[in-house]
Amino acid sequence: MKDKMNFSLLSTYRQELMGVSILLILLYHIFIPLPVSNTIKFFTEQGRIGVDIFLILSGIGLYFSLKDNSSLLFFYKKRFIRILPTYFLLASPYFLYKTYTKHTNFFSEISFLTAIRGGDNPYYFIELILLCYLLMPFIYRMVEKDYIIPIFLLCIGCYFLGNISGYNEIVINRIPVFIIGVVIAKYVYNKYTIPHFIFFCSFLLILSCLVFFFPFSSNMTINRIKYSILALCFLTIAVTILSSLKENRIKKELRFLGGITLEIYMINFPIIAILVRLFNSTWGIAILAFILSIFFSFVSHKFINKILNISRLL
């Protein structure tokens, strides 16, 4: 089977790939406010695909979860316990600060009502992933029954709504890539294989079409589609490399980062904002932001898990 690409590798190395996705997101976020050359900016901006990679991998993980246990109560309880305590604990200081300095409504901000009405929210990804959780049982059933046309129409509908929804396009336009992840998950679960030659010829064809027919556009819907395709291409390369490597420190570190992706996403934004106010050194800020984001994410992950474990005993 070595001459074939096995889709199950996406499950085998899912944790490591999660680590890769959060590294891309972190690098992108760090360099947004920093004055660096256009070349560096170009490469770090490609880190946006980290969100798309994460959504694809989330779709795969959620498919496996429902396949192994179809209880929706168990499904939602597990997801919301993982997301909501971390979100409320780590986002509250930011929204309280914003309420004090800009006189915003704390409850409207933290409940996403401000974002839904078109306001800015740096934690839009939490809104997005919660929406994906709510839609997952519906998407799962369509994938299981091979309802290809309804799945396609749902993706088109999301892109249409995203194109006219203003700020909320950042959420709505990314639902299709999550759906793609759920579709791929069926092939991953069934350990579907494809000859390497056909796989990489298809990969090169898709990449060529991406380069020649999808140049950067002012239309964000077009760009979201482009990032989704790039994410699939990147995943192909990353999982091929990981599968060819022996167990080493790189894989261990990526698994470690993959276990604290939520905390890194939540914490990096305020840390970067604080460092930009305190220091002038571009690379000093970048290095400190990278180290501190990972350190405080690890600490908060341990702290929140300890609180949750104690609450289960009460």
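Okay, let's start with a definition: a salt bridge here is a side-chain nitrogen of Lys or Arg within 4 Å of a carboxyl oxygen of Asp or Glu. What we have is a predicted model, where local features need pLDDT of at least 70 and side-chain atom pairs count only at pLDDT 80 or more, while totals for chains, interfaces and linings use all residues. Residues are numbered from 1 along each chain as its sequence is written, and side-chain values use heavy atoms, with hydrogens and water left out.

So, salt bridges. The structure has 8 of them, and I'll walk you through some.

Take Arg255 and Glu16, which form a salt bridge with 2.8 Å between the closest N and O atoms. That one joins distant parts of the chain: Arg255 sits in helix H14 (residues 249–258), Glu16 in helix H2 (residues 14–31), and they are 239 residues apart. A quick word on names: helices (H or I, at least four residues) and strands (E, at least two) are DSSP runs, numbered from the N terminus. Is each partner buried or exposed? Arg255 is partly exposed, at 29% relative accessible area, whereas Glu16 is buried at 4%. For those words, buried is under 20% relative accessible area, exposed is over 50%, and partly exposed is in between, using a 1.4 Å probe and protein chains only.

Next up, Lys67 with Glu144, where the closest N and O atoms are 2.7 Å apart. This pair also links distant parts of the chain, with Lys67 in helix H4 (residues 49–68) and Glu144 in helix H8 (residues 124–144), 77 residues apart. Lys67 is partly exposed at 32%, and Glu144 is partly exposed at 25%.

Then there's Lys98 and Glu109, a salt bridge with 3.5 Å between the closest N and O atoms. Lys98 belongs to helix H5 (residues 72–102) and Glu109 to helix H6 (residues 106–110), so this pair ties together parts 11 residues apart in sequence. Lys98 is buried, with 12% relative accessible area, and Glu109 is buried too, at 4%.

H4 has 20 residues and spans 29 Å from first C-alpha to last, close to the 28 Å expected at 1.5 Å a residue. The expected span, by the way, is 1.5 Å times one less than the number of residues. Of the 20 residues in H4, 18 are buried, so the helix is largely enclosed by the rest of the structure.

H8 has 21 residues and reaches 29 Å between its first and last C-alpha, close to an expected 30 Å. Where does H8 bend? At Leu135, by about 50°, with a proline, Pro137, following within four residues. The bend is the angle between axes fitted to the seven residues ending at a position and the seven starting there. H8 has 15 of its 21 residues buried, so it too is largely enclosed by the rest of the structure. Just past the end of H8, Asp146 takes a positive phi of about 55°.

While we're on backbone angles: most residues other than glycine have a negative phi. Phe112 isn't a glycine, yet its phi is positive, about 75°. You'll find Phe112 in the loop between H6 and helix H7 (113–116), and it is buried at 8% relative accessibility. Lys191 is another non-glycine with a positive phi, near 55°. Its loop runs between helix H11 (175–189) and strand S2 (193–195), and Lys191 is exposed, at 56% relative accessible area.

H11 also holds Val188, which is buried at 2% relative accessibility. Val188 and Phe7 are 181 residues apart in sequence, but their C-alphas are 4.7 Å apart in space.

Last stop, the largest pocket, with a volume of about 1100 Å³.

On terms: a pocket is an open set of points on a 1 Å grid over the protein atoms alone, where a 1.4 Å probe fits, with protein on both sides within 12 Å along at least five of seven lines, and lining residues have an atom within 4 Å of a point. The volume is the space filled by probe spheres set on those points.
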